[in-house]
Amino acid sequence: MPQQVTRLGIAFAVLAIVFVAVRQTLVPDTFGDAGHYRAAAVDSIEAQPLKYAGHEACTMCHRPIADKRSASNHSGVSCEVCHGPAAEHVAAPGNVRPRAPRERGFCPLCHGYNASRPSGFPQIDPVAHNPTVPCMTCHDPHAPEPPVIPGECRACHGQIASTKAVSHHAVLPCLTCHDAPEEHKATPRAVRPGKPSSRDFCGGCHAEGADSPPHIPGVDMATHGEDYLCWQCHYPHHPEAE
Ligand code: HEC
Ligand code: HEC
Ligand code: HEC
Ligand code: HEC
Ligand code: HEC
Ligand code: HEC
Ligand code: HEC
Ligand code: HEC
């Protein structure tokens, strides 16, 4: 037998002994009892004190504020996001008061300009936007109003509007294809307009023999791109037939 095999054998034996020793000494007792984790961890986590009470708890004593917030632009921002963990306050309201974030630095954590935020999310430049005065002087933190509600779709969807304006669909108002409630303009993320969902929608004007003016080109719905939605081939805001 070549020497190397003996050496390799010794090396493996040493490794195996080390492995068994480490397992015996370092792996906690309850590891593996209930899955690939330390079963006793559940008890120690359970024993930790609760810090957050949840916004339902606040409603009991602060109903007017809770109702106001639920109906506002901040309906998606929970009380304790701004006031910090408040379980102790719920248990003893007179003794522990949650902090109210009155300083100017707080609101820009969400509203300070940051290119990676979703399009349309209201953002300001905290340095230039009405400096030195606390945000609450002008905005109610429990019901911030959007400052000006734009009347036109173009105000926020400028790119789509400009694209459509030079397309074959220029004459079609946005509302022909989107049923957009007025509330969408005030709370665009909470209230979303509808979008066409089937081929038949476009067929309403473009199906051969449809009851539409003769200058609108018609297609045979049964054979024209029949396996796909129309907008998988035609951009609806700038449809082209080339
Ligand atoms: C059992 C009733 C009760 C519940 C539940 C309760 N609060 Fe209060 N809260 C009070 C009372 C009473 C005060 C006024 C305390 C004072 O003036 O010393 C208060 C005051 C406050 C204040 C004012 C602090 C300030 O600096 O002015 C905030 C903020 C607050 N609560 C937030 C919350 C939040 C958030 C929750 C839910 C997690 C909550 N509260 C749940 C009774 C309650
Ligand atoms: C966007 C952050 C934000 C959220 C969300 C928020 N608060 Fe406040 N809250 C504030 C700020 C800032 C103040 C201080 C207002 C001031 O001094 O004018 C305040 C003040 C308060 C006060 C004391 C002053 C008052 O108006 O009576 C209470 C009580 C309170 N909040 C409870 C709540 C409860 C309950 C909720 C959830 C339903 C909630 N807040 C959600 C930021 C917030
Ligand atoms: C002196 C009053 C005043 C103060 C203070 C103030 N704002 Fe405003 N805020 C306004 C007005 C007026 C508008 C609407 C005109 C504009 O966009 O500038 C506005 C608009 C906004 C908008 C909406 C922007 C958009 O494009 O939809 C946000 C978000 C906002 N403010 C957050 C804040 C925050 C955060 C602070 C504190 C750092 C703050 N504001 C301080 C008056 C104020
Ligand atoms: C945890 C993140 C968060 C914090 C903190 C926060 N906001 Fe907001 N704010 C939001 C969200 C989410 C909306 C709704 C945006 C939407 O509908 O697209 C909103 C909406 C607004 C609007 C309406 C702007 C518009 O044009 O629609 C104003 C004004 C505003 N917040 C001011 C404040 C002020 C003042 C504070 C500090 C007291 C604050 N916000 C703290 C998340 C936050
Ligand atoms: C105050 C700004 C604003 C105005 C005004 C506005 N929108 Fe929007 N719209 C938004 C925002 C923000 C979104 C969400 C975009 C996102 O999620 O990236 C949106 C989304 C949409 C969507 C996509 C919905 C979805 O679920 O994919 C449609 C369709 C739409 N808007 C149509 C319209 C029409 C039509 C009008 C005019 C009647 C209009 N919007 C006016 C801001 C606005
Ligand atoms: C001919 C019908 C038609 C017209 C007119 C129309 N849209 Fe659309 N729009 C659609 C369809 C279909 C979709 C869905 C596309 C998809 O799901 O890929 C859509 C999607 C959208 C979206 C979602 C984001 C995107 O680009 O896919 C927004 C926002 C939107 N439209 C806004 C508008 C606005 C604003 C106008 C007016 C300036 C307008 N639309 C006019 C048919 C139309
Ligand atoms: C309310 C009627 C109406 C609806 C609904 C409609 N269109 Fe159109 N479409 C038109 C009109 C009008 C024209 C322009 C005809 C002309 O050039 O005179 C047109 C033109 C077109 C063209 C031809 C472009 C070219 O280069 O000649 C295509 C492709 C098209 N639409 C696709 C669609 C799709 C896809 C939908 C569904 C998202 C749709 N249309 C929904 C009215 C409509
Ligand atoms: C698989 C891709 C595809 C799909 C899906 C599709 N189209 Fe087309 N469409 C085209 C192409 C490519 C042309 C240009 C060549 C032609 O006329 O066949 C065209 C042309 C058109 C034209 C212009 C016809 C003319 O005579 O000028 C209209 C209108 C049209 N499509 C409407 C629609 C409608 C409505 C739907 C959904 C029911 C749809 N298309 C689905 C690829 C597609």
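Student: Okay, which residues are the protein donors of the iron atom of ligand 1?
Tutor: Keep in mind that this is a predicted model. In it, the donors from the protein are His 62 and His 89, each through NE2, and they lie 2.0 Å from the iron atom of ligand 1.

Student: Where do His 62 and His 89 lie?
Tutor: His 62 is in the loop between α3 (55-59) and α4, while His 89 is in helix α6 (residues 87-91), so the pair ties together parts that are 27 residues apart in sequence.

Student: And is His 89 buried or exposed?
Tutor: His 89 is buried, at 16% relative accessible area. His 62 is partly exposed, with 39% relative accessibility.

Student: What about the geometry, what is the site of the iron atom of ligand 1?
Tutor: The site is octahedral: there are six donor atoms, with angles of 88 to 179 degrees among them. For six octahedral donors, the ideal angles are 90 or 180 degrees.

Student: Let's jump to ligand 7. Which residues coordinate its iron atom?
Tutor: His 169 and His 206 do, both through NE2, at 2.0 Å. His 169 sits in the loop between α8 and α9, and His 206 belongs to helix α11 (residues 199-206), so this pair ties together parts that are 37 residues apart in sequence. His 206 counts as partly exposed, at 25% relative accessibility.

Student: What geometry does the site of the iron atom of ligand 7 have?
Tutor: That site is octahedral, with angles of 87 to 179 degrees among its six donor atoms.

Student: New topic: how many residues surround ligand 5?
Tutor: There are 18 of them, and the closest are Cys 153, Cys 156, His 157, His 184 and Lys 195. Sorted by class, the shell has eight nonpolar, five polar and five charged residues.

Student: Which atom of ligand 5 does a polar side-chain atom of His 184 lie 2.8 Å from?
Tutor: A nitrogen atom of ligand 5. Lys 195 has a polar side-chain atom 3.0 Å from an oxygen atom of the ligand, and for Arg 192 a polar side-chain atom lies 3.3 Å from an oxygen atom of ligand 5.

Student: Which elements give two or more residues to that shell?
Tutor: Those are α9 (174-177) and α10 (183-186).

Student: Now salt bridges. How many does the structure hold?
Tutor: Four. One of them joins Lys 68 and Asp 140, whose closest N and O atoms are 2.6 Å apart.

Student: Where are Lys 68 and Asp 140?
Tutor: Lys 68 is in helix α4, and Asp 140 is in the loop between α7 (108-111) and α8 (158-165), so the pair ties together parts that are 72 residues apart in sequence. Lys 68 is partly exposed, at 39% relative accessibility, and Asp 140 is partly exposed too, at 27%.

Student: What does Asp 67 form a salt bridge with?
Tutor: Arg 63, with the closest N and O atoms 3.7 Å apart. Both are in helix α4 (residues 63-70), and because they are four residues apart there, about one helical turn separates them. Asp 67 is partly exposed, at 41% relative accessible area, and Arg 63 is partly exposed at 48%.

Student: And which residue does Glu 103 form a salt bridge with?
Tutor: With Arg 99; their closest N and O atoms are 3.5 Å apart. Glu 103 is partly exposed at 39% relative accessibility, and Arg 99 is partly exposed at 44%.

Conventions
Residues are numbered from 1 along each chain as its sequence is written. Chains are lettered from A and ligands numbered from 1 in the order in which they are written. This is a predicted model: local features need pLDDT of at least 70, side-chain atom pairs count only at pLDDT 80 or more; totals for chains, interfaces and linings use all residues. Side-chain values use heavy atoms; hydrogens and water are left out. A salt bridge is a side-chain nitrogen of Lys or Arg within 4 Å of a carboxyl oxygen of Asp or Glu. Buried means under 20% relative accessible area, exposed over 50%, partly exposed in between (1.4 Å probe, protein chains only). A residue is near a molecule or strand if one of its heavy atoms lies within 4 Å of it. A polar contact is a pair of N or O atoms within 3.5 Å; within protein, one must be able to donate a hydrogen and the other to accept it, and residues adjacent in sequence count only if both atoms are side-chain atoms. Ala, Val, Leu, Ile, Met, Phe, Trp, Tyr, Cys and Pro count as nonpolar, Asp, Glu, Lys and Arg as charged, and the others, Gly among them, as polar. Donors are N, O and S atoms within 2.8 Å of the metal (3.2 Å for Na, K and Ca); water is not among the atoms, so sites may look incomplete. Four donors count as tetrahedral if all angles lie between 85 and 135 degrees; four count as square planar and six as octahedral if opposite donors are over 155 degrees apart and all others between 65 and 115; anything else is irregular.
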